[in-house]
Amino acid sequence: MAVLTIDNISKSYGTIQALNGISFDVPEGSVFGVLGPNGSGKTTLLGILLDVLQPRGGTFRWFNGMPHNEARRQVGSLLETPNFYHYLSAVKNLQITAAIKQHGANDIDRVLEVVRLSGRKHSKFSTYSLGMKQRLAIANALLGNPRVLLLDEPTNGLDPEGIAEIRELIIQLNQQGITIIMASHLLDEVEKVCTHVAVLKKGDLLLSGDVKEAFRNEDLLEAGAEDIQQLYAVLGQLPGIKGIHIAGNVVRMSVKDQSAVADINRFCFEHGIVLNHLSLKKKSLESKFMELTRNN
Amino acid sequence: MNQLIKVEWFKIRGFVTFWILTGLFAVLLPLFNYQFSSGMMQTGGAVPISYSFPGVWSNFGFWASWFALFIAFVVIILVTNEYRYRTNRQNIIDGWTRMQAFHAKCLLVLLLSLITTIYVGTWCIIFGAAYSNTGFAFFTQDMEKLLYFFILCLNYYGFAMMLSFLLRRSGLSIGIFMLYAFIFENIAKAYLNWQIKGALIGNFLPLQASDELLPFPLMKQAEAIAYKGAAMPESSSYVIASVIYISLYYIISRYRLLKSDW
C-alpha cells in the first residue's frame with residue numbers, strides 16, 4: 001500500500017519550470033530518498049506535499065485520500081530550515097506544535113531526550129547552535145509518533161557524530177514501521193538507509209523505484225591498449241555497452257554484468273587489438289548518480 | 001476555535017515585546033487623560049474637555065483612538081513575526097489549514113479589539129465616577145461611543161493585519177501604516193472634500209470613516225462651519241462604511257493567503 005501517491009505534479013516560478021509532471025508512489029514502510037543536485041526541485045516538491053506551495057498542476061494523496069491537513073498531523077516534517085519562535089524555549093515551541101497537531105503534548109520530554117536536547121530544553125531557541133536547531137527540528141518531527149516522517153536534508157548542520165545518530169534513528173524508526181521520506185544530496189547517506197529512491201534533475205523525474213532496481217548493478221569497466229583511439233572505435237561497435245568514453249590512457253564504459261569482460265576481451269582480440277589493461281570496478285551510488293544526472 | 005486561540009496565546013505568552021507595548025498602552029492611556037482631567041494641562045476653557053458622564057465616553061474615546069495605534073503596531077508585529085521566523089510555514093506543515101492560520105490571526109484582531117474596548121470602557125467608568133457631580137444619572141447616555149470605539153479598533157487592527165499579510169515585513173508595514181494614516185489619508189480627505197462639494201466623500205476613506213465616529217470634541221462644529229451647506233453624515237453611515245472596510249480587509253487578506261505560496 002502507498003502512504004503517498006503523487007500524480008503529475010508541476011510547478012513554475014515565472015518562466016522557470018521547477019517541477020515537470022512528477023509522479024511516483026511511496027510504499028508504506030519504506031525509506032524513500034528524494035535525490036537530486038541543488039536546485040533540482042526536491043524542496044519545492046516537499047513544499048507542495050506539505051501545502052506550503054501551490055502546484056501549478058497535478059494532485060497528490062496521503063493515506064488513500066485523507067484530507068491534507070489531517071494527514072499532515074500524522075506526518076512529522078522538517079522542511080528546509082528549522083522554523084521556530086526565536087523568543088521561546090524548545091519546550092514552549094513544541095507545545096505550539098502539539099497544540100496544532102492536537103496530540104503529543106505529553107511526548108515533549110521524550111522527543112527532546114531522543115535528540116539530546118533535554119539539558120537545554122528551557123533555553124530560548126535564539127541561543128541554540130546550528131546543530132541544536134536542527135536537532136530541535138527533528139524532535140519537532142518526531143512529536144506524537146507520526147506514521148510518516150518527511151525530512152528535508154535532515155543532517156544539515158550536524159557534526160559527523162550527529163549525522164551517524166540521525167542515520168541510526170532513521171533505521172530504528174523504520175524498523176518500528178514508520179515510513180520515511182527523505183530528501184538529500186548526500187548520496188552516501190541515502191545509500192546507507194534508503195530502500196526506494198526518486199531522482200530529480202531540473203524539475204524532471206529521471207527515475208524512481210526500488211534502490212536495487214533503480215541503480216541496477218552496473219559496473220564500470222576500464223580497458224587499455226596500445227592504440228587507444230582504435231580500441232575506442234572497436235568497442236563502440238560492441239552491443240550492450242553504455243557510456244563509453246576515453247579517460248586518459250584508458251577507455252571507460254558501463255557493463256551489465258561480469259560476463260561482459262570475457263566478451264570484450266574476445267571481441268578485441270578478434271579485431272586485432274591486444275589489451276594491456278582490463279579492470280572491473282563496482283560503481284558507487286555517487287558515480288551512478290553523477291552519470292545519470294549529467295547525461296540527461 | 002479554542003484550539004486556534006490556545007496556539008496564538010502560546011505565541012504571545014513568552015513574547016516580551018508584546019507585554020512591554022501593551023503594558024505601556026495600559027499605563028499611559030489613563031495617565032494621558034489624567035493630565036486633562038486633573039487640570040494639569042491648561043486648555044483655557046477653549047476646548048470643552050469633559051470627564052463627567054456623558055462627555056467622558058466621547059472625550060476619553062477620542063484620545064483612546066490615538067492610543068489604539070499602539071495596539072495596531074502590536075498586531076503588525078505579531079502577524080509579521082510569522083514571516084520573520086517562517087513559522088507561518090511551520091504551522092501549516094504541522095497540520096493547520098491555511099484558513100485556520102488566517103482565522104487564528106482574525107480571532108486575535110477580534111479579541112484584541114474586545115479587550116482594548118473593555119479596558120477603555122473600564123477607565124471611562126472610573127473617570128466618569130470620579131468627575132461626575134450627578135453620579136451615574138447620565139451613565140448610559142452616549143454610551144454607544146464605546147461601540148464606535150470597538151468598530152474603530154477592528155478597523156485599525158484589521159487594516160494593520162491586512163498590510164502585514166500583504167507586505168510581510170514589520171518595519172515596512174509600520175512605515176506604510178503611519179504614512180497612510182497620518183499623511184496620505186489626510187491629504188486625500190482634504191482633496192476629496194475640496195473637489196467634490198456637498199458630499200464629504202473624504203470622510204469615508206478607510207481609517208477616516210472610523211475616526212469620524214470619535215472626532216475631536218469641537219471638530220464636528222468646526223467642520224460644519226468649514227463645509228457650510230454640506231449635509232453632515234450621520235454616525236450610522238460611518239458605522240456602515242467601517243463595517244464594509246473591515247469586511248474588505250478580511251476578503252483581501254483571505255484572497256492573498258489562499259492564492260500565494262507560503
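A salt bridge here is a side-chain nitrogen of Lys or Arg within 4 Å of a carboxyl oxygen of Asp or Glu. By that rule, three salt bridges cross the interface of chain B and chain A.

Before I go on, the source. This is a predicted model, in which local features need pLDDT of at least 70 and side-chain atom pairs count only at pLDDT 80 or more, while totals for chains, interfaces and linings use all residues. Residues are numbered from 1 along each chain as its sequence is written, chains are lettered from A and ligands numbered from 1 in the order in which they are written, and side-chain values use heavy atoms, with hydrogens and water left out.

Back to the interface. K11(A) makes a salt bridge with D261(B), and 2.8 Å separates the closest N and O atoms. Between chain B and chain A, 21 residue pairs are in polar contact, both residues at pLDDT 80 or more. A polar contact is a pair of N or O atoms within 3.5 Å; within protein, one must be able to donate a hydrogen and the other to accept it, and residues adjacent in sequence count only if both atoms are side-chain atoms.

Together they bury about 2,700 Å², with 52% of it on carbon and sulfur atoms. Y85(B), I93(B) and D94(B) supply 25% of the area that chain B buries against chain A, more than any other three residues. Buried area is the accessible area (1.4 Å probe) that two parts lose on being put together, summed over both.

Now the sheets of chain A. Six strands form an open sheet in the order β5-β6-β7-β3-β8-β9, with mixed pairing. Two strands pair if DSSP finds at least two bridges between them. At the edges are β5 (75–78) and β9 (204–210) of chain A, each pairing on one side only. Direction ignored, neighbouring strands of this sheet are turned by 10° against each other on average.

Helix α5 (130–142) of chain A packs on this sheet, touching β5 and β6 (148–152), and its direction makes about 165° with that of β5(A). Axes are lines fitted to C-alpha atoms, for helices over the stretch in contact, and angles run from 0 to 180 degrees between N-to-C directions. Helix α6 (160–175) of chain A lies across β3, β6 and β7 (179–184), at about 150° to β7(A).

Within the sheet, β3 (31–35) and β8 (196–201) of chain A run parallel and are joined by four bridges. There V34(A) stands opposite A198(A). β8(A) and β9(A) run antiparallel, with six bridges, and K201(A) has D204(A) as its bridge partner. These two strands form a hairpin with two residues between them, and K202(A) in the turn has a positive phi of about 45°.

The other sheet of chain A has three strands, antiparallel, in the order β2-β1-β4. β2 (16–27) and β4 (57–62) each have a single partner strand, so one side of each is left without a neighbour in the sheet. The twist averages 15° from one strand to the next. Eight bridges join β1 (2–13) to β2(A), one pair being I9(A) and I22(A). Helix α1 (42–49) of chain A lies across β1, β2 and β4, at about 115° to β1(A).

Last, some local points. Most residues other than glycine have a negative phi, and most peptide bonds are trans. E153(A), in the loop between β6 and α6 of chain A, has a positive phi near 45°. The peptide bond from F53(B) to P54(B) is cis, with omega near 0°; P54(B) is in the loop between α2 (16–37) and α3 of chain B.

Over all chains there are 14 salt bridges. One of them joins K11(B) and E8(B), at 2.9 Å from N to O. Both residues lie in helix α1 of chain B, three residues apart, about one turn of the helix.

How values were computed:
Contact means heavy atoms within 4.5 Å.
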